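Please look through the sequence and the structure shown here before reading on.

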Amino acid sequence: MSAPTTPLPRRVRIGYGAGSVATGAFGTVPGLMLLPYLTDTLAVPALLAGAIVFLPKAWDVVLNPVAGRISDRTVDPRGPRRPWLLRAGLLLGLCFAVLFAGPDLGSRAFDAAWVLVAFLACATAYAFFQVPYVAMPAEITDSYAERTRLMTWRVAILAFTILLAGASAPAIRDAVGGRDGYRVMGVVMAAIIVTGALLAYRGTRGARTGDVAPGPGGLRDQLRLVAAARDFRLLLVTFVVQALATGCMLAGVDYLAGDVLERDGASTVLFVCFVGPALLLTPAWAAIGRRIGKKRGYVTSSLVLAVGAALAVLAGSAPAAVVFAAVGLVGVGYAGVQVFPMAMLPDAAAVDARRTGSSRVGVYTGVWTAGETLGLALGPGLFAVVLALGSYRSSAGGDVVQPDSAVTAITLGFSVLPAILVLASLWWLRGYALDEREVDLVDA
């Protein structure tokens, strides 16, 4: 017997998707600009800069499952998730403005410490926003197909936000210049984050909330049960490895533009090529998923992304237009690898809740976002290691001539390394078995 499919009101789809304005801005700008800010403005050595970018995200890996468990147990007439969108969203915006607002005291140690502490505060606030936010689709609808439609809106808005934030943040920085450019950019991005949080909170008012009792036992017991869910585990590992690959590419955009392509405005063009296709192709990937299934759609989009990344190795020798086209192909695949796993996650969580009668949706999404955070954090860290191996030269002005070894390291770290990671991730996806029939079955 199949569960009836009740289409969600468009207001709820758009309202939920609006939360991606906050997640997209925070997920993009630090990954794109924090490492160059540390190495080329604050003159922090590459390995130390990589550690500063990574450590707060590593804290999120520990915190996210806790945030999920707390949201599972939140009792509020607005539902267990929505209050966190408001509380944590506002705090995240404030902390983000502080991140790039450190006073210029002429101390490299102070600058590094300021960024580390502020980014740690950002990561903490983000955990309590992102985890409840990602948990909501499993409770808003029971339908396998409707979750794909819900994710289509979310990914489309996410792509638009990533494009807006990723293109405008470097432009704001460059227009103002120096540390003041980063400060102004931080305030503007903070305003975008707060706007997204407020829109999501208001837009999901009246949407269905969870009606399954939280699972018994402590967090450790819940994590053990979630880890035993084979389909979720395989999907998670695939997604984390791909997050590592995309994090590596995002971290490399500024370096590829300035040190390899050596073209003014190239970072903005690269970013538009990376994210722009998602604005047009997210509905197309959703339609493909409805026709061939989410898993096959995920594999197909992953292969497209890997091919585009591999072609970007030509950055050191081919015309810039060829590199932009390769990154555009990456963007085509990127749209799909955002739609499909995010539509498959609530399937896995909802199947578990139906089978057990206990809701672990918050724990599932806490583990998921912890894994995503780990991958996106390791990406810039891994790219920083590649820079160090290539003898990259940090500076306060970012205007030093890099050795050929650094240029080669930037190119490989942006292209071949991510391509290998994406292809490797598909080894785990092979065993994922949830399909529409299984997800929409009422009785386990």
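A residue is called buried when its relative accessible area is under 20%, exposed when that area is over 50%, and partly exposed in between, as found with a 1.4 Å probe and with protein chains only. This is a predicted model, in which local features need pLDDT of at least 70 and side-chain atom pairs count only at pLDDT 80 or more, while totals for chains, interfaces and linings use all residues. Residues are numbered from 1 along each chain as its sequence is written, and side-chain values use heavy atoms, with hydrogens and water left out.

The protein chain holds 17 helices and zero strands, where helices (H or I, at least four residues) and strands (E, at least two) are DSSP runs numbered from the N terminus. Of the 444 residues in the protein chain, 60% are buried. The accessible surface of the protein chain, computed by the Shrake-Rupley method with a 1.4 Å probe, comes to about 16400 Å², and 66% of this surface belongs to carbon and sulfur atoms. If contact is taken to mean heavy atoms within 4.5 Å, then among the contacts in the protein chain with a separation of 6 or more, 84% are between residues 24 or more positions apart.

To describe how helices pack, axes are fitted as lines to C-alpha atoms, for helices over the stretch in contact, and angles between N-to-C directions run from 0 to 180 degrees. Angles under 35 degrees count as roughly parallel, those over 145 as roughly antiparallel, those from 65 to 115 as roughly perpendicular, and the rest as oblique. A crossing is left-handed if the near helix is turned anticlockwise from the far one by less than a right angle, and right-handed if clockwise.

A pair to begin with is helix 2 (residues 19–40) and helix 8 (residues 178–203), whose axes come within 6 Å and cross at roughly 160°. Helix 2 and helix 8 are therefore roughly antiparallel to each other, and helix 2 passes helix 8 in a left-handed crossing. The residues that meet include Ala22, Phe26, Val29 and Met33 in helix 2 and Tyr182, Met189, Ile193 and Ala197 in helix 8. By class, the residues of this contact of helix 2 with helix 8 divide into 15 nonpolar, two polar and one charged, where Ala, Val, Leu, Ile, Met, Phe, Trp, Tyr, Cys and Pro count as nonpolar, Asp, Glu, Lys and Arg as charged, and the others, Gly among them, as polar.

Helix 12 (residues 294–311) takes part in two further pairs. With helix 10 (residues 230–261), helix 12 packs at an angle of about 25°, with the axes 13 Å apart, and these two helices are therefore roughly parallel to each other. The contact is made by Leu235, Thr238, Phe239, Gln242, Thr246 and Met249 of helix 10 and by Tyr298, Ser302, Leu305 and Ala309 of helix 12, and the residues divide into six nonpolar, four polar and no charged.

The axes of helix 11 (residues 266–292) and helix 12 come within 7 Å and cross at roughly 130°, which makes helix 11 oblique to helix 12. Helix 11 passes helix 12 in a right-handed crossing. On the side of helix 11 the contact is made by Trp285, Gly289 and Ile292, and on the side of helix 12 by Lys294, Arg296, Gly297, Thr300 and Ser301. This contact of helix 11 with helix 12 has two nonpolar, four polar and two charged residues.

Ser302, in helix 12, is buried with a relative accessible area of 0%, and, leaving aside neighbours within four places in sequence, Ser302 is in contact with Gln242, Val337, Val422 and Leu426. Gly336 lies in helix 13 (residues 320–356) and is buried, likewise with a relative accessible area of 0%. Not counting residues up to four places away in sequence, Gly336 touches Trp285, Ser301 and Pro341.

Two loop residues remain. Ala43, in the loop between helix 2 and helix 3 (46–72), has a positive phi of about 60° although it is not a glycine, and at 13% relative accessibility Ala43 counts as buried. Ser391, in the loop between helix 14 (361–389) and helix 15 (404–414), also has a positive phi of about 60° without being a glycine, but Ser391 is partly exposed, with a relative accessible area of 44%.
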